[in-house]
Every structure is written in structure tokens, then in C-alpha cells.
Amino acid sequence: MTHPIEARPLEVRSDSPWSSSKRVYPSGKETNPMRCPACGAADLIHTTHDIPTDYRGVSAIISAVTCEFCPACGEAILDREQGDRYGRMVGQFRHQVDDQHPL
Ligand SMILES: [Zn+2]
């Protein structure tokens, strides 16, 4: 005599560490706002700014620099790519000033 095998639904454990309430953030632009590391008073705003710079008394605007901007203290934090670009543009500007105003 054989006993029928009781069909059980596959048990899904909900207490595994992989199904915890850990939130997964989508990669890309929709990151959470970051609290300003300079003043801690406000969340940074992802924005694009024209950043003024000056060298030897000559002023220039580095246009369209994307940064995380703090509305409370004015701190602007550039990511690596934008920081590199900004640094290059400032370097070019300083070369131009040096060319036009040789020592
Ligand atoms: Zn701030």
C-alpha cells in the first residue's frame, strides 16, 4: 500500500538575508539627495552652474558645470568627471591669461 505524497507548495522563506527590507537604489541619476558635508544644514541639489573663476585679475566663467550644490552655504561639490573638466578649463584659461600677459 502506498501513501499519496502530500503536495506542498515550495516554501519561500521570508527571513533570508537577501529578502530583507534592504532597499535597492536604481543606478543612474535618481540617487538620494546627499546632506551637505560642509554645513550639514541642507540637502545638496543636483544642478548645473556657471562657476566664476579669476586668475591674475582676469575673470572668466566656466560654463555648465554639473555639481551638487548646497543652497544653505553655497558649497558646490563636483564629481570626478566634472572636476576633471573644470580643472582642465581653468588650466586652459590660465594658459590664455599667461599668453596674453607674459611676465
Ligand atoms: Zn552647505
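Good morning, everyone. Please keep in mind from the start that what we are looking at is a predicted model, and that the numbers I mention are computed from it.

Let me begin with the overall plan. The protein contains 1 helix and 3 strands, and if you follow the chain along its sequence, these elements come in the pattern β-β-β-α. There are 103 residues in the protein, and 14% of them count as buried. The accessible surface amounts to about 8,800 Å², with 53% of that belonging to carbon and sulfur atoms. If we take the contacts between residues at least 6 apart in sequence, we find that 41% of them join residues at least 24 apart.

Now to the sheet. The 3 strands make an open sheet with antiparallel pairing, in the order β1-β2-β3. At its edges are β1, residues 45-55, and β3, residues 76-77, each of which pairs on one side only. Helix α1, made of residues 80-100, packs on this sheet and touches β1 and β2, and its direction makes about 180° with that of β2.

Let us take the two pairings in turn. Strand β1 is joined to β2, residues 58-69, by 10 bridges, with the two strands running antiparallel, and within this pairing Ile51 stands opposite Ile62 in β2. The hairpin of β1 and β2 has 2 residues between the strands, and in this hairpin Arg56 takes a positive phi near 50°. Strands β2 and β3 also pair in the antiparallel sense, over 2 bridges, and here Glu68 stands opposite Ile77 in β3. The hairpin of β2 and β3 has 6 residues between the strands, and Gly74 is the residue in it that takes a positive phi, near 85°.

Is Thr53 buried or exposed? Its relative accessible area is 11%, and because buried means under 20%, Thr53 counts as buried. Its bridge partner in β2 is Ala60. Apart from its neighbours within four places in sequence, Thr53 is in contact with several residues, including Val58, Ser59, Ala60 and Ile62, and also Tyr86, Val90 and Phe93.

Finally, we come to the metal. Which residues coordinate the zinc ion? They are Cys36, Cys39, Cys70 and Cys73, each through its SG atom, at 2.2 to 2.3 Å. Along the chain, these donors follow the spacing C-x2-C-x30-C-x2-C. Why do we call the arrangement tetrahedral? The 4 donor atoms subtend angles of 104 to 113° around the zinc ion, and four donors count as tetrahedral if all angles lie between 85 and 135 degrees, so the arrangement is tetrahedral. Two of these cysteines are worth a separate look: Cys36, at 3% relative accessibility, counts as buried, whereas Cys39, at 35%, counts as partly exposed.

That is the end of the tour, and I am happy to take questions.

Methods: Residues numbered from 1 in each chain as written. Predicted model: local features only at pLDDT ≥ 70, side-chain atom pairs only at ≥ 80, totals over all residues. Heavy atoms only, no water. Pairing = 2+ DSSP bridges. Helix = DSSP H or I, 4+ residues; strand = E, 2+ residues; numbered from the N terminus. Contact = heavy atoms within 4.5 Å. Axes fitted to C-alpha atoms, helices over the stretch in contact; angles between N-to-C directions. Buried < 20%, exposed > 50% of the residue type's maximum accessible area, 1.4 Å probe, protein only. Donors = N, O, S within 2.8 Å, 3.2 Å for Na, K, Ca; no water. Tetrahedral: all angles 85-135°; square planar, octahedral: opposite > 155°, others 65-115°. Areas by Shrake-Rupley, 256 points an atom, 1.4 Å probe, with all protein chains shown as cover.
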